[in-house]
Amino acid sequence: MNMFKYKNLLLTILGFLILFGSDVFSSERSDSLINVLKKKHDNDAVPILNELANELKSENPDNAIVYAQKALKIADQIDDIFGKSEAYYNLGRCYYYQRDFDKSVESYEQALILKKQLSEKPAEAGLLYNIGMIYHMRGKLETALEYYQKSLDIEEKIGNKQNIARAINVIGVIYMNLKNFDIAIDYYRKSLKINEELGNKAGIADAYLNIGTTFQKNDQIDSSRYDSAVFYYEKALIYYQEINFIPKVALAINNIGVIYKNQHKLEEAISYYKRAEDLYEQINDKAGLAQTLGNIGVIYEELERYDYALEYIHRSIKIAQEMDLNDIIIDNYVALSDIYAGKNDYKVSLNYYKKFFTLKDSLFTGKVHQQIADMQTKYETDKIAKELELSNKDKEIKDKEIRQQRILIIFFIVVSIIILIFLILLIRLFTQKKKANIKLELQNEEILQQKEEIQAQAEQLRYINSELEKLSIVASETDNSVVIADSNGDFEWVNEGFTRLLGYTFDEFIEAKGRNLFINSTNPHIEEAINDSIKEGNSAVYSSQTKTKSGESIWLQTTLTPIMDSEGKLTKLVAIDSDITKVKLAEEEIMRQRDKITEQNQEITDSILYARRIQNAILPPDDLLKKALRDYFILNKPRDIVSGDFYWLTYRNGQAIIAAADCTGHGVPGAFMSMLGIASLNEIVNKNEHIAANEVLNKLRENIIHSLHQTGKEGEQKDGMDMTICIFDKNTYECQFAGANNPAYFVRPKSQTKNIAEIISFEQGDVESKIKIVETDKYELLEIKPDKMPIGIYGTEIRPFTNNIIKLEENNAIYIFSDGFADQFGGPKGKKFKYLQFKEILLETQELPMEKQKEELNSRIEAWRGDLSQIDDILVIGFST
């Protein structure tokens, strides 16, 4: 009895400490300040009022505003500038917690004016940062950037590295949102360097995470950005794990999963998503959990693992509905529609597709749009508010830590005494009860063994009854027909779904059609299907057409399952029929639509093939090419049946005028432009017996602008073409070149000693600005740069094209081309071929005839492309002097 009294006393003391200790000390600070305030004269009350406002700003902002306004009034009466500045600062923070951002900015601005008068640089920097944060939340990025930059300038003068790193990081976020990705990364790297110097692991991790996010969002570079993003996410992950910051650990892991999904590395993506799932469950982040579960379900759907996909999608929908996350619900409905389509369950697939459209349409009303915007604003506001509160509460936390340490010391002393007393009592009890427990254990073992046997038998009976109940409910309530027949196929029992499906009762059906399953089936292969299912030990599934009692013709899908005894003999047949009439009708309609589309596609293809014959007919014929050029090749590879790239040539008075053009678009639109370009070139050259290369481009541009009625107005379609044109004199080896966005390459042996300045003359610019040189031991390639403007409307000022004259020698080579060859994706990493490799091939094959050079170019680009699609028309022309 004495021991129990001690126990009750000890538990009462512990309960008091646990239940009331935190409340007593949490209000200690504000109560103390209020008591001090009562004893102060008004003129001395300003610091106390400001401290009270600061203490209550987040817990009770209304009372905090009253204290701050009173402090402001008294400070104004006694001309206390510092007191006024602190009062305005506290008002700004209070209004911030009340989400009254206009008043918050107004109060911060007033505080900023006074802090400038007092030359309090740290306070100025903090106020500028807070104002910038409010504009940032409200989407006014340019204004936010201005305030952040002013704050950074002051912090750099002060030398406060922690605040410098914070300002640099948030400026990087602004530039990322403005899609200035390179500038954003520069700022993140600066923040990273400072945080590394400070040993601030949280800051280091944030910088790595932001760099990774920037690479992931930057769609202006190739797919290698994903590898870079993963690299930086993994570095961020290491630091977040070291400081055990679980929300950011989950975010980094989830982001890596997103990248692997985009790269179609689905197993790796699932692995990372599941890690993120565990973490989101750990911290009870339901929004993150719902999104991650949906992502896992989508990947399982792509892998055709539909049961797993359904499990994760339904879990995601349940959480999303609890949280009213309609965007996630919409995505999940689409995923469910795709999953059931993959399972050939088109009825359910269509049902989820309807749910998707219904929910999507409801979200397009103005009211829902406003709600979504409010939710987003609240999310961003809360996020930045927490950051601001963390930044501004450093001093408060230190004070509270000291008070909490004092409380903990007292608490641990009391607990230690209680534990010591409790242990002494337990030891005494343990000795007395040890013997009694040994005897009780033996008796309990016998009782438990008997109890377990009884419970096992009862559990088995409950399970059997539960399964029978479930089967009974399914058989009676389902709309599917269930038939049980004996081993000969004679009906023994049907469910109510049989009558709902066919209209017959059991007796009516036997009277009208007989009782044998095989005789009533219209499927000629039913006996073969049953024999196969018995042999393989699984169900047979087949379709058949029948008529209901009312005479309606319906399609049934039957799942026929043989029931075997312990010796492997057939005892029963269970047939489950489902109405698939709508599916069959839908399949028939799909087949009709498919045939119609196939016929239309064939007609379109035939028309385009005929267009190709016309396009090929107007290209320069072989006999003209052989007459005009000594040795040449033309590599012309349209992406589609017809091409947007074309070549053109005419020959007169010993001069070959040859052009390679790349029209806007490819396929049929590009082909139309090519027809216009060829017709215009014929007209220009035929009307002008002596014409320079650049004048051909000038006149062609006039024709294109006139023909397409281009005016240069904003929003107008800017169709046109890029072109290289050369006029080569076979007698003097002089070549004129003019280019609209596309250059020309001239290759000569290094044994030809003439200086480049001697052989090339330009209307504008010098040699260094107009020529780029690549060379090998035997040859050098001269790239003559074009004018950076197209044949077509371009800006408001139209400049004439430049004429370039090159004095060639014997055995020189000239190459003109479109951008399709260099821009083709391929290789081991799926990147562009690029111009440097193109130049290297031309230099490597210089000793080969032109036709062999063409074969080498074609084989190299095809090997590079591999299984990828050709992305653009390809045209390369080469000829030698």
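## Burial and the model

A residue counts as buried when its relative accessible area is under 20%. The structure described here is a predicted model. Tyr 504 has a relative accessible area of 12%, so this residue is buried. Phe 509 is buried as well, with a value of 6%.

## Aromatic pairs

A pair of aromatic rings is described by the distance of the centres and the angle of the planes. Across the whole structure, a search finds 30 aromatic pairs. Tyr 353 is partly exposed at 37% relative accessibility, whereas Phe 356 is buried at 10%.

Tyr 504 and Phe 509 form an edge-to-face pair, with 5.6 Å between the centres and 80° between the planes. Elsewhere, ring pairs connect Tyr 745, Phe 817, Phe 821, Phe 833, Tyr 835, Phe 838 and Trp 864 into a cluster.

## Charges over rings

The charged end of Lys 150 sits over the ring of Tyr 147, at 5.5 Å from the ring centre. Arg 225 lies over the face of Tyr 226, and here the distance to the ring centre is 4.4 Å.

## Salt bridges

The search of the whole structure finds 32 salt bridges. In one of them, the side chains of Asp 102 and Arg 138 meet at 2.8 Å, N to O. Asp 102 belongs to helix H6 (residues 101-117), while Arg 138 is in the loop between helix H7 (121-137) and helix H8 (141-158), so that the pair links distant parts of the chain, 36 residues apart. Arg 138 is partly exposed, with a relative accessible area of 38%.

A salt bridge of 3.1 Å, N to O, joins the side chains of Glu 277 and Arg 315. Because Glu 277 lies in helix H14 (residues 266-282) and Arg 315 in helix H16 (residues 306-323), the pair ties together parts that are 38 residues apart in sequence. Glu 277 is buried at 7% relative accessible area, whereas Arg 315 is partly exposed at 28%.

The side chains of Glu 847 and Lys 778 also meet in a salt bridge, at 3.1 Å, N to O. Both Glu 847 and Lys 778 are exposed. Finally, salt bridges with shared partners join Glu 86, Lys 115 and Glu 120 into one network.

Technical notes
Residues are numbered from 1 along each chain as its sequence is written. This is a predicted model: local features need pLDDT of at least 70, side-chain atom pairs count only at pLDDT 80 or more; totals for chains, interfaces and linings use all residues. Side-chain values use heavy atoms; hydrogens and water are left out. Rings of Phe, Tyr and Trp (its six-membered ring) pair if their centres lie within 6.5 Å; planes under 30 degrees apart count as stacked, over 60 as edge-to-face and the rest as tilted. Buried means under 20% relative accessible area, exposed over 50%, partly exposed in between (1.4 Å probe, protein chains only). A charge sits over a ring if NZ of Lys or CZ of Arg is within 6 Å of the ring centre and within 35 degrees of the ring normal. A salt bridge is a side-chain nitrogen of Lys or Arg within 4 Å of a carboxyl oxygen of Asp or Glu. Helices (H or I, at least four residues) and strands (E, at least two) are DSSP runs, numbered from the N terminus.
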